Amino acid sequence: MSNSTIYNIAIPVPLPGTFEYASPLPLKPGIRVSVTFARRRLTGVVISLCDDPVTPAAKLKPIDAILDAEPVFDQALLNLLIWASNYYFHPIGEVFSAALPSKIKHGGALEAATERLTLTELGIQMAKVGNLPRAPKQAQLLTRLQSSEPMSRADLTQAGYSAAVIRGLIQKNWACWRSVKDVPANDAPHHFKAAISLTEAQRQAIAAVELDQPMTYLLYGVTGSGKTEVYLRLIDQVLRTGKQALILVPEIALTPQTVDRFQDRFDCRVGALHSGMTAAERNRQWQAARSGGTKIIIGTRSAIFTPMASIGIIIVDEEHDTSYKQQDGFHYSARDLATVRAANEGIPVVLGSATPSLESIANAEAGKYQLLKLLDRANGAKRERYQMLPMPPNQSDPLPNQALFTEIRETLERGEQVLVMRNRRGYAPVLFCTECRWIAECQACDARLTVHRQQTGLKCHHCGASHPIPTHCPNCSHVTLTPVGDGTQRLETTFQTAFPDFPIVRIDSDNIKDRLSLDRALAKLQGGEPCILIGTQLIAKGHHFPLVTLAVVLDIDQGFLSADFKAVERTAQLIIQTGGRSGRDELAGKVYLSSRMPDLPGLNALIDQDYLTYAKQMLADRSRYELPPFAHHGLIRADAKTPGLADQLLQRVQRLVRAERQTEILGPTSPAMAKRAGWHRSQLLISASSRQARHKVLQQLQVALTQAAPRTIRWSIDVDPADFF
Ligand code: ADP
Ligand code: ZN
Ligand code: ZN
């Protein structure tokens, strides 16, 4: 294949590295090509020119087809994807798969940058002097184009202009098609409704952000402090310079008001990207972002990979939320990639939260991020007050005492609303035999089965198994089975009995599946009548309930006793996020935390002072025990159907690793749930004082595992693991 150039191509196969192919034509990095791999036709992406090919010339295969004229990804985004593949030890081809809508991934055509019908200089003059063509439809379109943005073919069809009318204007040289990228920034006006006058704190935060600098800002704003308003104003400024904004949110399906709030304030198109969309809709939104047609894109985790014609800012709302970390397959953190992408693009990124992650706070303390603070609620409401509610140590259900019931009744009778957070769905977490102490457990997992009363059954929350509830104890045959403890379903019944005159609204993933069911549930609260809202952590996410004045968080102890060192941070965040739903308007808010250990050390910093003070205390503990963010973790997980196999494999590969300074390899150990969905699990924890050292060790482990692991064992590498489950 003389006259050919060799390129490194990323191919969607579970193998590390790129593959060499020859092309007679020059190829730009970032375009898609069709290649043959293991006798299959696959769509790959050109990464780079290959300087020193290792494939012998005789074995070199040609590229079968070039699919794009222009790169799908520009160089900055391409660099981000390569960086992510390297940092997270995930095959580059599969990184591209995760980043592309399925149609594009399988070779479907890119839309050219949206073409829009735009007036020429001549056309503008004609419209001004009123020298209109005699054809009335053409005259109408000329006037319309003068007063509106350039129109796409879709816009024109929708507005009823035929191809003949359009051709008429083009032939007179009064209008022409231009791709969006050619339209100078200021030709595309947007309108922003500055409905609210800013607080001083908001004004200062906005002024601190420099739009032409690559910088990470940590916006610490207590619940109700008006972080969204800060985002909106920054986006407005970015749009004025002709650039686009990317906003990441933890969840869209269940927080639809996020997109609405942005759409309400801007009269340009706000695009959304999330997993609840059809593939076709996702593809359409992705293309519109890429071509520059959509100025504001709001999306969940994977939206961080959206190509954008001219990105000007990235905002990560609720940056502490664990949904930004992908839990399986490609274990990336969209929050962390946002900071890398912003640096590549030379733009600012704002990470916002009322309860920032300890990593982000540590970065702010180290001067890597700039800390911006909104310490008061925007509407002048006071911070909610917290109080511990002791539970008797041997009480199995976390239900509050009589005094609390009285307080709930008084609150309801004043016409206010009450929120009860219990992070356990189902009816009861345990089915227990009072005669022989048998407990219902999952056959496939090391876990107890949860009793459910709606769609009755015993369910495993880990593998999805479900069984009918037995009438007799399978162990001793007595009719002595009792559900123990409270899930949200049981609490609903309990509160319904105690407060028959007030409606109860329950929100958890068993009864809230989509926007419709959520809207229906929230309608009661928004209607303003006194009621009790019971739910899992779903109710702590971003909702605004102006009439809730009393919040109760049931049983906070588990988080503080868990073996997972991140559980304390998560629980503190959940407490403050739930508490923050209370008293967001004129009415003062109160929060009760029920606990068997009301003297939990240090907790008073959280409830008497603020989250940031408590976070610094948690950071001091992390530092003392050399835990992240003061150490860098990597986790190797291996699972096998046969007990012991995964453990043996990890023992073997561990011995192959050359020691690195200040790096420890811990394990292999079993995770807290040693068996899940029939797989016996084992893991190795790598803890290093630097990212480089961790990287070297993981690299060796990756090579060793690729060579040594039989097909019967599945394994993965998780860099910066979010949990050790
Ligand atoms: P956060 O996201 O920080 O919890 P939000 O952005 O949801 O807070 O704002 C909380 C409430 O305060 C919203 O109802 C919002 O309209 C209102 N708000 C925001 N900024 C201001 C302001 N400058 N003046 C008055 N109200 C404001
Ligand atoms: Zn029994
Ligand atoms: Zn199970």
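The model is predicted: local features need pLDDT of at least 70, side-chain atom pairs count only at pLDDT 80 or more, and totals for chains, interfaces and linings use all residues. Residues are numbered from 1 along each chain as its sequence is written, and side-chain values use heavy atoms, without hydrogens and water. The protein has 22 helices and 32 strands; these are DSSP runs, with helices (H or I) of at least four residues and strands (E) of at least two, numbered from the N terminus.

**Overall build**

- The C-alpha trace spans about 90 × 70 × 50 Å along its principal axes.
- Of the 725 residues, 53% are buried. Buried means under 20% relative accessible area, with a 1.4 Å probe and protein chains only.
- Among contacts with a separation of 6 or more, 75% join residues 24 or more positions apart. A contact means heavy atoms within 4.5 Å.
- The accessible surface comes to about 32600 Å², and 50% of this belongs to carbon and sulfur atoms. The areas come from the Shrake-Rupley method with a 1.4 Å probe.

**Nonpolar cores**

- In soluble globular proteins, nonpolar side chains tend to be buried together.
- The largest nonpolar core here has 108 residues. Such a core is a set of buried Ala, Val, Leu, Ile, Met, Phe, Trp, Tyr and Cys residues joined through side-chain atoms within 4.5 Å.
- Ile304, Ile314 and Ile507 have the most contacts inside this core.
- A second, separate core has 29 residues, including Ile235, Ile252, Val270 and Leu374.
- Beyond its neighbours within four places in sequence, Ile314 is in contact with residues that include Leu246, Ile304, Arg341 and Pro348.

**Around Arg233**

- Arg233 lies in helix α9 (residues 227–240).
- Arg233 is buried, with a relative accessible area of 14%.
- Leaving out residues up to four places away in sequence, Arg233 touches Phe192, Ala194, Ile196, Leu198, Ile206 and Arg265.
- Leu198 is 35 residues from Arg233 along the chain, and their C-alpha atoms are separated by 9.7 Å.

**Helix α15**

- Helix α15 covers residues 488–498, and Thr488, Gln489, Arg490, Leu491 and Phe495 are buried in it.
- The cover over these buried residues includes helix α14 (402–413) and strands such as β18 (417–421) and β24 (504–507).

Definitions and conventions
Chains are lettered from A and ligands numbered from 1 in the order in which they are written. Buried means under 20% relative accessible area, exposed over 50%, partly exposed in between (1.4 Å probe, protein chains only).
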